[in-house]
Amino acid sequence: MLKYIIKRLILLIPILFLVTLISFSLLFIIPGDPAETILTGPGGGADPKAVEEFRIKMGLDKPIYIQYFTWLESILHGNLGYSYQSKRPVIDTILSRFHATLKLAIVSMIISLMISIPLGIISAIKQYSAIDNVSMAGALLGVSMPNFWQGLLLILLFAVTLGWLPVAGYGDHGDLEHMILPAITLGTSSAAITTRLMRSTMLETINQDYIQAARAKGLSERVVIGKHALKNALIPVVTMIGLNFAYLLDGSVVVETIFAWPGIGLLMVESIYLRDYPMIQGCILFVAIIFIFVNLMVDILYTYLDPRIRYETKE
Amino acid sequence: MKQTIKVLGIIAVIVGIMLLASMPTASAKLYGDANVDDVIDEADMTYVEQIIADNEEENELADANQDGEINLLDVAYIEGIILGDKPFPGGTITVAMIFFKETVDPAVGWTGWYVRKAGIYETLFANDENMVLTPELATGYEQVSDTEWEISLREDVTFHDGTPFDADAVVYSINRVLDESNSRHTEYDFIESVEKKDDYTVTITTEEAYAPTIASLTDPVTSIVSPNVEDLGTEAAGTGPFKLVEFEPAVSMSVERNDNYWGGPVKLESATFEYITDPQTRAYMLEAGEVDMARGIPQAEADIIDGKSDLDVISKETLRTYFMYVNTKKAPLNNVKVRQAINYAINREQIVETALEGVGGVAAKSVFPSVMPWSANDDLEGYLHNQTEALSLLADCGITDTDGDGVLDYDGSPFELTIKTYTTRPECKPTAEVIVEQLKEIGIKARVETRDIPTLREEVAEGNYDLALYAWGVAPIGDPDYFLSRHFESTGNEAGLTGYSNTEVDDWLDAARTTFDDKARWDYYKQVQEQILEDSPEIFVFYLNELVGLNTCVKGYVIYPNEITFLTKDMYNTA
C-alpha cells in the first residue's frame with residue numbers, strides 16, 4: 001500500500017511539470033499586456049512610461065523560455081512570487097482564499113451526501129414508486145437549473161423575503177449562517193448527479209446473483225442492502241464524489257460571485273482579468289495539486305472498498 | 001424509511017439554526033434629537049426646555065444623556081453635542097462597496113482611492129463635491145516662481161498613531177510616490193524635489209512650468225501617511241475622520257471615529273465596508289436590510305429600491321464619460337465627415353432612456369460632464385440627433401445606397417462598422433447595442449463584439465477596430481490636462497490609438513499646461529473642446545450617474561463626482 005502511494009507521489013512530479021509548462025504557455029497565447037492592465041487606474045488607461053518600466057522590472061521583456069525557467073526556479077525554492085497587483089506574496093493570498101473555499105466545499109459536500117446517498121438508495125430499492133419518481137424529477141431539476149439562478153432564488157426567498165439568512169458576504173470569517181445558502185446551492189447541484197448515479201449502480205447491484213444468494217441465506221434486508229449491496233454499488237459513486245469534491249475545491253466562480261464568498265475561484269478569475277501572471281500561475285499550480293491529491297485519496301479509498309484492487313497492487 | 005427520517009431531522013436542525021440567526025439585533029438611536037427631525041441643533045435644546053415646562057410631550061430621544069430622566073442636564077448635553085464636547089450619537093453604518101484591494105497602503109497603485117473612501121487618509125488638497133480644488137491638509141499655496149510652489153500646512157493635525165503632522169511627514173509621503181520602485185512614480189516625474197522649508201511649509205520644485213501641479217496633489221496616491229508605521233500594507237495611520245480597525249482583504253474593512261479629527265466632530269461612531277462584486281447581490285443586501293448603503297446598484301433595480309418606504313436612491317452625474325474611440329487611420333473613418341455623420345446618427349437621449357433605464361446617465365455633449373468646472377458644455381452645440389444631416393454628410397463622402405438594398409455602400413461594398421467593447425462595466429454592452437440599432441436606421445451595417453479589457457486594449461493598439469466603446473474617468477484630479485493631453489495631443493498615448501493629430505490642439509494644450517492664469521487656461525481648454533468635437537476622433541455618448549442606494553436613516557451623505565471621497569465626518573445613522 002505504502003509502495004503504491006509513493007509510486008503515485010513520484011508520478012506527481014512529471015504531471016506538475018507538465019501543468020506548469022501548459023499553463024505558462026497558455027498565458028502567452030491569451031492576448032493582453034499584463035503591464036498595461038495592472039497599471040490601468042480606475043480612471044482608465046495606463047502611463048506608457050510606467051508600463052515600459054514595469055515590463056523591464058518584472059522581466060516581461062525577456063524571451064518566454066527565460067521567464068519560464070526563472071519562475072520554475074523560484075517555485076522549486078518554494079517561492080510562488082509576488083502578485084503584480086498587490087505586491088503581496090501569492091501564497092498568502094491563495095491560502096487565505098483557499099481556506100474560504102475549503103470550508104464551503106466541506107459543508108456543500110456534507111449537504112450533497114446527506115441528500116444523494118439515502119435518496120439514491122431508496123429510489124433504487126423502491127424503483128418506480130412515488131418517492132423514486134419525485135427524487136428523479138428533483139435530480140433532473142437540480143442538474144438543469146443553473147447555479148446562479150438557484151442562488152438568486154434562494155437569496156430572494158430566504159434572505160430578502162423571509163429574512164432568515166444573510167444575503168451574502170463572508171460574515172465572521174465564514175460563519176455557518178453565511179455559509180448555508182451558498183452551500184445549499186453548490187450541494188444540491190452536485191447531489192443531483194450523485195443521486196442518479198447512486199440509484200443506477202444500486203439497481204445494477206441488487207439484481208446480481210450474490211444479492212439473491214444473500215437474501216436466500218435469510219439475511220435481513222437491512223444487512224443485504226446496507227452491507228452487501230451498498231459497498232459494491234459505492235465504487236463508481238466514490239469516484240464521482242471525489243471528482244465533485246475536487247471541483248468544489250477549485251471554487252465555483254458563479255456561486256462565489258453571487259454570495260460574495262472570497263474563494264479561490266473568484267481569485268483566479270479576478271487575476272485573469274488583471275493578467276496578474278504570478279497569481280494565475282500560483283492558482284493553477286495550487287488547484288492542480290489539490291486535484292491530484294483528491295484523486296489519490298479516492299484511489300486509496302477504492303482499495304478499502306474493493307479488495308480486488310488491493311490484491312492487484314500487491315503483485 | 002429511516003434515512004428519510006434522518007434527512008428530515010437534519011432539515012429541521014438547519015431551519016432551527018436559520019430561525020436563531022434571524023433574531024433581531026439592538027440598534028442605536030439619535031438620542032438628543034428631541035424634536036425628531038433627524039438633526040441635533042439648538043431647536044432640540046428649546047424643545048427639551050418645552051418638555052420640562054410641560055408644553056410638549058415627553059419622548060425617548062429627548063433624554064440625551066440617557067439617564068432615564070428628561071431635565072436640564074439633557075439641555076446641557078445637547079449643547080455639548082453641538083459644541084463637539086460630547087460624542088455625537090451617530091451610530092454605525094454598513095456599506096456594500098464594489099472594489100477591494102489586498103493592501104491598505106495608499107501609495108500602492110490605486111489603493112489610495114479605496115482607503116480614502118473609508119475616510120482614513122487625506123491629501124494636501126482635495127476636490128470638493130462641486131469639483132472645486134480646496135486645501136485639505138494644506139492651508140494654501142504660493143507660487144514662488146514658474147517651477148516653485150510653496151505649500152503651507154495645517155498646524156493642528158495629528159495622525160491616528162499620535163505622530164504630529166508636519167513637513168517631515170509630507171516630504172516622507174510624497175517621496176514614497178516619487179521613489180523609483182513605485183509603479184506610479186512616472187506620473188509624478190514632473191516633480192524635481194519636495195523639500196521642507198520649515199516645520200509647516202514644504203517647497204515643491206518642478207522640472208518645468210506645470211500648471212496642474214497643485215491638482216496632482218489631490219490624487220490619493222499622494223495621501224499623507226504617518227512616518228512611524230511599520231507596515232503600511234496591513235496597518236494604517238492617516239489624518240482622516242476615521243481610523244482603521246480591521247481589514248480583511250477581499251472581505252471587509254471596519255473603521256471607527258477619530259476623536260481628534262482636525263476638521264471637527266465626527267458624527268458616525270463606526271462604519272463597516274463589505275466588498276461585494278455582484279451588483280444584484282448589493283441591491284439584495286440593501287433590500288434585506290443587511291447593509292445601510294450600497295454603491296453601484298443595477299439601474300434596473302433603482303426603481304424597485306426607490307419605491308420602498310425605508311429606502312432611497314440618490315444619483316449624481318460623475319466625471320465618468322462613456323465614449324467611442326474612432327479608428328481615424330482606417331478608411332472611410334479617416335474622413336472627418338464620416339465621423340461627424342456617426343455623431344449625428346446617434347440619439348443620445350434614447351440611449352439614456354433605454355440602455356440606461358433613464359437613470360444611469362446623462363446624454364453627453366462633449367468630453368467633460370457639466371459638473372466639472374472646466375466643462376465648456378454651455379458654449380458648445382454638440383451633436384443633436386439628425387439623421388438627414390448624417391446621410392447628407394455620408395453622401396458627400398460617396399457613401400450612398402448604390403444598389404438599392406437599403407444598406408449604404410462604400411467603395412462598392414456595404415458600409416460596415418463594428419463596435420468593440422467590454423462587459424466589466426454593465427452599461428457598455430447595452431449602449432453599444434442601441435448605437436448599432438441607431439446606425440442601422442440610417443443604413444449602416446453595424447454590429448457589437450465584446451472582449452475582456454486586456455484583449456480589447458491590444459486590438460485597439462494594433463488598430464484592429466472601427467469604433468471602441470470605453471468609459472474613462474475624465475478628470476480624477478479635477479484638472480483637464482490629464483485627459484485631454486493623453487487623448488488629443490499628438491504625443492498622447494490614446495491619441496496614438498485613434499491616430500488623431502491636430503497641431504492647433506497641440507499648441508493650445510501645451511500653452512494651457514504652462515499658463516498659470518485660470519481664465520487664460522479656461523480659454524485654451526474651451527478651444528480644445530470645440531475643436532475635438534468638430535474633428536470627432538472620439539465620439540462622446542453619455543456621462544455616468546453614480547447610483548447609491550441607502551436606508552432613509554442614513555443622513556449627510558453626498559456623492560462626490562470624482563468617485564474618490566465617500567465616507568465623511570458629516571454622515572450619521574438615525575436608526
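About 1,800 Å² of area is buried between domain 1 of chain A and domain 2 of chain A, and carbon and sulfur atoms give 76% of it. Buried area here is the accessible area, found with a 1.4 Å probe, that two parts lose on being put together, summed over both. The size of an interface is often given in this way, as the accessible area lost when the parts come together. On the side of domain 1 of chain A, R8(A), L16(A) and L27(A) lose the most area to domain 2 of chain A, together 27% of what that side buries. The model is predicted, and local features need pLDDT of at least 70, side-chain atom pairs count only at pLDDT 80 or more, while totals for chains, interfaces and linings use all residues. Residues are numbered from 1 along each chain as its sequence is written, chains are lettered from A and ligands numbered from 1 in the order in which they are written, and side-chain values use heavy atoms, with hydrogens and water left out.

The two domains of chain A span residues 2–76 (domain 1) and 96–305 (domain 2), with bounds that come from an automatic or database domain assignment. Their centres, taken over C-alpha atoms, are separated by 32 Å. In contact (heavy atoms within 4.5 Å) are 22 residues of domain 1 of chain A and 16 residues of domain 2 of chain A.

R8(A) forms a salt bridge with D299(A), and the closest N and O atoms are 2.1 Å apart. Helix 1 (2–29), helix 2 (34–38) and helix 4 (64–76) of chain A each give two or more residues to the side of domain 1 that touches domain 2; helices are DSSP runs of H or I with at least four residues, strands are runs of E with at least two, and both are numbered from the N terminus. Helix 1 of chain A provides the largest share of that side, 13 residues.

Over all chains, the structure holds 41 salt bridges. One of them joins the side chains of R55(A) and D33(A), at 2.3 Å from N to O. R55(A) lies in helix 3 (residues 48–57) of chain A and D33(A) in the loop between helix 1 and helix 2, so the pair ties together parts that are 22 residues apart in sequence. D33(A) is buried at 16% relative accessibility, whereas R55(A) is partly exposed at 25%; buried means under 20% relative accessible area, exposed over 50%, and partly exposed in between (1.4 Å probe, protein chains only).

In chain B, R184(B) forms a salt bridge with E187(B), with the closest N and O atoms 2.9 Å apart. R184(B) is buried at 2% relative accessibility, while E187(B) is partly exposed at 23%. R184(B) also meets D219(B) in a salt bridge (2.8 Å, N to O). This pair links distant parts of the chain, 35 residues apart. D219(B) is buried too, with a relative accessible area of 5%. Elsewhere, a network of salt bridges links K420(B), R447(B), E449(B), R451(B) and E459(B).

Conventions
A salt bridge is a side-chain nitrogen of Lys or Arg within 4 Å of a carboxyl oxygen of Asp or Glu.
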